[in-house]
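Okay, thanks for coming, everyone.

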Amino acid sequence: MDPLNTQHGMPESEAAAEARRLIDDWASKPVRHHPTSFRDDTEPPAFGTTPPVKQEDRRIVPAWAAGIAVASIGVGAGVTGIGCGAWLVLQGLSSVTLNGVLMVTLPFAGLAMVATAIGGAISKARAAVTKNVFEGPVTHHTEIHNNSTTRGAFFARTRNEIR
């Protein structure tokens with residue numbers, strides 16, 4: 001059974017006439033044109049606030065997903081920057097020589113030497129010029145009272161009281 005050549009309820013001449021009628025009916029209707037853009041040529045007011053214009057929100061991606069994407073890009077860029085900085089520091093540390101260390105620390109050592117010299121000069125300038133000389137007998141009196149007690153035989157404990 002061939003479905004293309006089999007008659008189903010309508011002869012071929014009537015089917016052709018019905019098809020022609022449907023096509024002519026469709027062709028007689030005007031074609032609807034859907035604008036793809038819109039331009040508002042009205043002048044905005046010279047002063048004051050401009051009235052709001054409704055703008056359709058046609059996002060493809062949800063806001064939370066866009067936020068996560070932007071945050072992940074930022075984190076990736078930050079980690080890349082930290083990695084580059086660490087690489088530079090480690091490259092610098094791998095090429096350290098004695099002369100390089102001395103050249104870097106020389107200004108700090110010079111500053112420390114100048115600060116020490118200035119501090120010594122200030123302390124000598126603040127020192128008293130007069131010297132006090134005391135004349136007379138000097139006595140020093142020391143008394144030691146020691147009470148020592150030992151208790152126990154094998155694990156002895158000694159207690160000293162000095163007054």
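So, one term before anything else: buried means under 20% relative accessible area, exposed means over 50%, and partly exposed is in between, with a 1.4 Å probe and protein chains only. Keep in mind this is a predicted model, where local features need pLDDT of at least 70, side-chain atom pairs count only at pLDDT 80 or more, and totals for chains, interfaces and linings use all residues. Residues are numbered from 1 along each chain as its sequence is written, and side-chain values use heavy atoms, with hydrogens and water left out.

Let's start with helix α1, residues 12-28; helices here are DSSP runs of H or I, at least four residues, numbered from the N terminus. Arg20 comes out partly exposed at 48% relative accessibility, and Asp24 is partly exposed too, at 41%. These two form a salt bridge, with the closest N and O atoms 3.6 Å apart. By salt bridge I mean a side-chain nitrogen of Lys or Arg within 4 Å of a carboxyl oxygen of Asp or Glu. Arg20 and Asp24 sit 4 residues apart, about one helical turn. Why does that spacing matter? An α-helix has 3.6 residues a turn, so residues three or four places apart point the same way.

Arg21 is partly exposed at 45%, and Glu18 at 31%.

How many salt bridges does the structure hold? It's 3, and Arg39 with Asp41 is one of them, at 3.4 Å, N to O. Both Arg39 and Asp41 are exposed.

Technical notes: Helix = DSSP H or I, 4+ residues; strand = E, 2+ residues; numbered from the N terminus.
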